Amino acid sequence: MKKDIVVLGIHDGHNASAALVKNGSVVAAVQEERLVNEKNYSGTPTNSIRKVFEIADIHPSEVDLIAIASLVRTHAPLKERPIHVRLYEKYAFLFRSHKMRKLLIYFLHKRRDMNEIIGVLKELGIESKEIMFVEHHFAHAACAYYQRPWDDETLVLTLDGAGDGLCASVNIGRDSTIERIASTTAYNSPSNVFYSEITGYLGLKRWDHEYKVMGMAPYGIAEDCIDEIRKIARVNPKMPLEFENTIGAYVIYVQKKLRKMLAEKRFDNIAAATQKHFEDILTEWVRNAIEETGLSKICCAGGAFLNVKANKVLREIEEVEDIFFYPAAGDEGIAVGAALEGYYRFCEREGIKPGREELGPIYYGMEYDDDYIKEVLKRTGWIEKAEYVDNIEEEVGELIANNKIIAVFNGRVEWGPRALGNRSILADPRDMRIIHKLNFAIKQRDFWMPFAPSVLEERGEDYLQDYKFAPYMIEAFDTTEKADEIVAALHPRDRTARPQIVNDWNPHYRNILKAFEDITGVGGVLNTSFNLHGYPIVGTPEMAIWTFENSGLDGLAIGNWLVVK
Ligand SMILES: [Fe+2]
């Protein structure tokens, strides 16, 4: 019998994670933040590495290859800036050319600290297995390309803040290979130098709160400062597949220039102009790439593609035939990317015909049975108030319809930044007043940030214009008039939505939505991630109960247990 090919993927940088790929399919993947309760945890994903074996029920000795994402570890700016990162930020301009960038990465890769990873591998008894490094942007590209929803030759785009000295790449995917045809050095990153620095300039956290700028954008008037904003970054006029830093500074050193350029400009107008210019340069870059390659089916990954509004604009470009955004677009995703790339290279070398699986449901994480949950409820004293409910899905649907805000903890943890019904807080989307309660009593959330809907697949066309199956909350849509029914889950200013279309990939969640629909006639609920502001989405029952205790949630449906305050 043919032996299974098992590859362990590890990402040990910003938003660390681990993944297991078996015969080309992702069988387990976990973000370290979900286990240690620290958002965007950066470092060796010690717990996740152990956990993926447990989840997939694969013994570490079965691993054929260990694929490490990134030649050089990525770091979160401001939070952890070892001396070489600070020096790099100061002298980044010296490495703006591809030649110098390669030299630097070669040097830093040689010095890559592997002690912690090797320590974990030793504990698992697999330190002598083959290790392969997958360059950061190839890892992003691999996530999207190898799991694309078609077989054709594909234009593969990556864009992020920085990784292995690059911020963007343009590639052609054919069969089992990804060929890079252009890339942009990190110094020229529009995500980092432009979008993230504006985020910092507005008093928000760089490399974390960019989505808040995007959420603010519809409130402002872009024209007020678009001319100034355009001076920060553009598509390189001489190299149309590359971006260019035109402000002449890198990360933190941009701030001084921004203070001068944007003095007395309103924060909402700055946000609007930033989003508009970002969309404009991405559109130009994508059009150039289509023209250069003749390919109009596109796969995208990298943190910049978490910008659901920009994704909407790209989807609507006339020349784009189809576009697929990998949902774990940020660096958390590259453990999967590294494992997939490792798998294809391994098969190529060994003369094995590789398997391929289109992306489906992404509940790749750990799950807990009712007995374990009961133990935790006992330990925390909540068992007195908890009730075991056989038809918990109906009960939750009814509670939501009665204006209660209910957290749902069920099945395996989602992969990527979005809660897709297994670690979600659900509310009735019909009435805007629910937003006040959600923002102030539960999530301590910024008042301008929109919520998002989960919509039954058969009701998608009722609420979304130019409907397309969108199960991952990675793309925004304009909405119909009927979407008034789910008004609290739309952007309050421009009425766009970032939906999760719910089909039978998640029967439990679908049943909750059906129960809500039976009572109200409304085909969707408001779905926000189950966490408190500043914390990651809850991973474990312990984290779920702690979050429940420390918030104004009305109820918690955890497994088949229901706790109502
Ligand atoms: Fe990245």
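Modeller: Start with the element names. Helices (H or I, at least four residues) and strands (E, at least two) are DSSP runs, numbered from the N terminus. Helix H5, for instance, covers residues 115–123, and Glu123 is in it. Keep in mind that this is a predicted model.

Biologist: Is Glu123 buried or exposed?

Modeller: Exposed means over 50% relative accessible area. Glu123 counts as exposed because its relative accessibility is 57%. Arg50 is 73 residues from Glu123 along the chain, and their C-alpha atoms are separated by 9.5 Å.

Biologist: Now the domains. Which residues belong to each?

Modeller: The domain assignment puts 6–73, 112–141 and 333–350 in domain 1. Domain 2 is 148–325, and domain 3 is 370–564. Take domains 1 and 3. Their C-alpha centres lie 30 Å apart. The contact takes 14 residues from domain 1 and 13 residues from domain 3.

Biologist: How do I put a size on that interface?

Modeller: The size of an interface is often given as the accessible area lost when the parts come together. Between domain 1 and domain 3, the buried area is about 1100 Å². Carbon and sulfur atoms give 60% of that area.

Biologist: Which residues of domain 1 lose the most area to domain 3?

Modeller: Arg34, Asn37 and Lys39. Together they account for 58% of what the domain 1 side buries.

Biologist: How many salt bridges and polar contacts are there between the two domains?

Modeller: The salt-bridge count between domain 1 and domain 3 is zero. For polar contact, the count is four residue pairs, with both residues at pLDDT 80 or more.

Biologist: Which elements supply the domain 1 side?

Modeller: Strand E3 (25–31) and helix H1 (33–36) each supply at least two residues of the side that touches domain 3. E3 gives the most there, with five residues. By residue type, this side of domain 1 divides into six nonpolar, four polar and four charged.

Biologist: Next, a loop residue. Where does Asn15 sit?

Modeller: In the loop between strand E1 (6–11) and strand E2 (17–22). Buried means under 20% relative accessible area. Asn15 has 7%, so Asn15 is buried.

Biologist: What does Asn15 contact, leaving aside neighbours within four places in sequence?

Modeller: Gln31, Glu33, Asn40, Tyr41, Ser42, Asp331 and Glu332. With Glu332 there is also a polar contact, side chain to side chain, at 3.5 Å.

Biologist: What about His14: buried or exposed?

Modeller: His14 is in the loop between E1 and E2. Its relative accessible area is 11%, so His14 is buried. His14 and Lys39 are 25 residues apart in sequence, and 9.8 Å apart in space, C-alpha to C-alpha.

Biologist: One more case. Where does Glu387 lie, and how accessible is Glu387?

Modeller: Glu387 lies in strand E13, residues 386–388. At 48% relative accessibility, Glu387 counts as partly exposed.

Biologist: What does Glu387 touch, not counting residues up to four places away in sequence?

Modeller: Asn560, Trp561 and Leu562. Check Val563 too. Val563 is 176 residues from Glu387 along the chain, and their C-alpha atoms are separated by 6.5 Å.

Conventions: Residues numbered from 1 in each chain as written. Predicted model: local features only at pLDDT ≥ 70, side-chain atom pairs only at ≥ 80, totals over all residues. Heavy atoms only, no water. Domains from an automatic or database assignment. Contact = heavy atoms within 4.5 Å. Buried area = accessible area lost by both parts, 1.4 Å probe. Salt bridge = Lys/Arg side-chain N within 4 Å of Asp/Glu carboxyl O. Polar contact = N/O pair within 3.5 Å; in protein donor to acceptor, adjacent residues only side chain to side chain. Nonpolar A, V, L, I, M, F, W, Y, C, P; charged D, E, K, R; others polar. Buried < 20%, exposed > 50% of the residue type's maximum accessible area, 1.4 Å probe, protein only.
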